[in-house]
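Me: I have a structure here that I have not looked at before. Can you walk me through a few of its features?

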Amino acid sequence: MAIYLVRRVALAIGVLWAAFTVSFVVLYLLPGDPVATMASGGLDGEPLTPEALDALRARYGLDQPLIVQYGTRLWDALHGDFGTSIQSGKDVGDAIRESLPPTIQISVAGLAFAIVFGGAVALVATYTSARWLRQLLMALPSLAVSLPVFWVGLMLVQVFSFQLRLLPSVGAKGLESLVLPAVTLGLPTGALVAQVLAKSLSAALDEPYVVTARAKGAGRIAIHLRHALRNAALPALTVLGYVVGNLLAGSVVVETVFTRPGLGRLTVSAVSVQDIPLVQGIVVFAAAVFVTVNLLVDLIYPVLDPRIATGAAV
């Protein structure tokens with residue numbers, strides 16, 4: 001178990017380093033000058049002089065050789081310092097913390113919708129005796145996964161905001177403004193949960209212990225919820241890390257479509273002006289969340305099935 005844990009932690013650290021490095025390289029390969037973009041027009045509407053631009057580059061360390069910049073930023077990042085945003089002048093950590101609460105709101109709401117939607121589709125599809133209904137429900141996840149998130153959001157706005165006038169289309173005030181973004185964000189995630197859970201349930205219902213439970217007189221509902229679901233939920237737990245990644249990536253689109261503040265809109269703004277420190281901070285933060293969730297799943301799995309840790313240590 002100790003070897004299994006060390007390997008998983010080492011892998012997590014490697015993912016964080018790769019996220020930092022790739023974001024650094026990609027941002028510097030983009031055309032344009034982030035300082036010139038930020039200072040275009042100057043603070044008073046007049047272009048800054050070349051001397052002022054050079055001073056800004058020196059302030060943010062952008063006048064150093066690329067390898068020096070990488071080493072300096074990596075060393076600072078290891079100490080939790082991602083620098084100052086070129087765009088706003090705020091500390092990167094403070095900018096992320098300020099933008100995080102609205103994103104957490106729609107992510108939690110989207111995850112709740114995904115679990116309810118995906119679980120309901122999987123349970124009904126594997127429980128019903130009607131063949132047409134089962135085939136319909138089993139086809140829904142594939143359809144939902146294939147739909148672009150921005151298109152789903154625009155369709156929901158068109159129907160529920162513009163036509164039915166039931167829910168607001170923009171803003172982040174009250175629970176009503178959370179419904180459409182949560183559904184938009186949670187629909188593809190729920191479809192993934194439904195696919196994995198339905199397949200696992202179908203396999204679990206053919207296991208010998210289910211046959212034994214039926215022979216003992218257990219009802220269909222009891223078999224589904226008490227016996228099959230508990231074991232079928234294990235593979236669904238594996239996709240939890242991917243689900244979290246989907247939620248974070250989807251928040252960029254959802255917050256833009258619904259004009260909500262949050263980490264997604266902050267990311268779009270930072271990328272558009274090549275705000276290197278801020279983009280790197282956001283990328284590493286998202287990677288840290290992804291890695292943490294996957295690490296927790298990796299640690300929970302051996303508790304549920306000790307053979308995993310045994311096999312990893314061999």
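Reply: A residue counts as buried when its relative accessible area is under 20%, and as exposed when that area is over 50%. The model is predicted.

Me: Is F20 buried or exposed, then?

Reply: F20 has a relative accessibility of 3%, so F20 counts as buried.

Me: How many aromatic pairs are there in the whole structure?

Reply: A search of the whole structure gives 3 aromatic pairs. In one of them, the ring centres of F20 and Y70 are 5.9 Å apart and the planes are at 50°, so this pair is tilted.

Me: Which helices do F20 and Y70 lie in?

Reply: F20 belongs to helix α1 (residues 2-29) and Y70 to helix α4 (residues 66-78), so their pair ties together parts that are 50 residues apart in sequence. Y70 counts as buried, at 16% relative accessibility.

Me: What about the rings of F113 and F117?

Reply: The centres of those two rings are 5.7 Å apart and the planes are at 5°, so F113 and F117 form a stacked pair.

Me: Where are F113 and F117?

Reply: F113 and F117 are in helix α5 (residues 92-127), 4 residues apart, which means about one helical turn separates them. F113 is partly exposed at 26% relative accessibility, and F117 is partly exposed with a relative accessible area of 21%.

Me: Which residues do ring pairs link into a cluster?

Reply: The cluster consists of F20, F24 and Y70.

Me: New topic, the surface. Which residues make the nonpolar patch?

Reply: F150, W151, L154, M155 and V253 make a nonpolar surface patch of about 450 Å².

Me: Which helix gives the largest share of that patch?

Reply: Helix α7 (residues 149-163) does, with 4 residues.

Me: And where is V253 found?

Reply: V253 is in helix α11 (residues 240-257). V253 has a relative accessible area of 31% and is partly exposed.

Me: One last residue. Where does T267 lie?

Reply: T267 is part of helix α12, which covers residues 263-272. With a relative accessibility of 19%, T267 counts as buried.

Me: What lies 2.7 Å from a polar atom of the T267 side chain?

Reply: That is the backbone oxygen of L263.

Definitions and conventions: Residues numbered from 1 in each chain as written. Predicted model: local features only at pLDDT ≥ 70, side-chain atom pairs only at ≥ 80, totals over all residues. Heavy atoms only, no water. Helix = DSSP H or I, 4+ residues; strand = E, 2+ residues; numbered from the N terminus. Buried < 20%, exposed > 50% of the residue type's maximum accessible area, 1.4 Å probe, protein only. Polar contact = N/O pair within 3.5 Å; in protein donor to acceptor, adjacent residues only side chain to side chain. Phe/Tyr/Trp six-rings, centres within 6.5 Å; stacked < 30°, edge-to-face > 60°. Patch = residues over 30% accessible without salt bridge, like charges linked within 9 Å, V, L, I, M, F, W, Y side chains within 5 Å. Areas by Shrake-Rupley, 256 points an atom, 1.4 Å probe, with all protein chains shown as cover. Salt bridge = Lys/Arg side-chain N within 4 Å of Asp/Glu carboxyl O.
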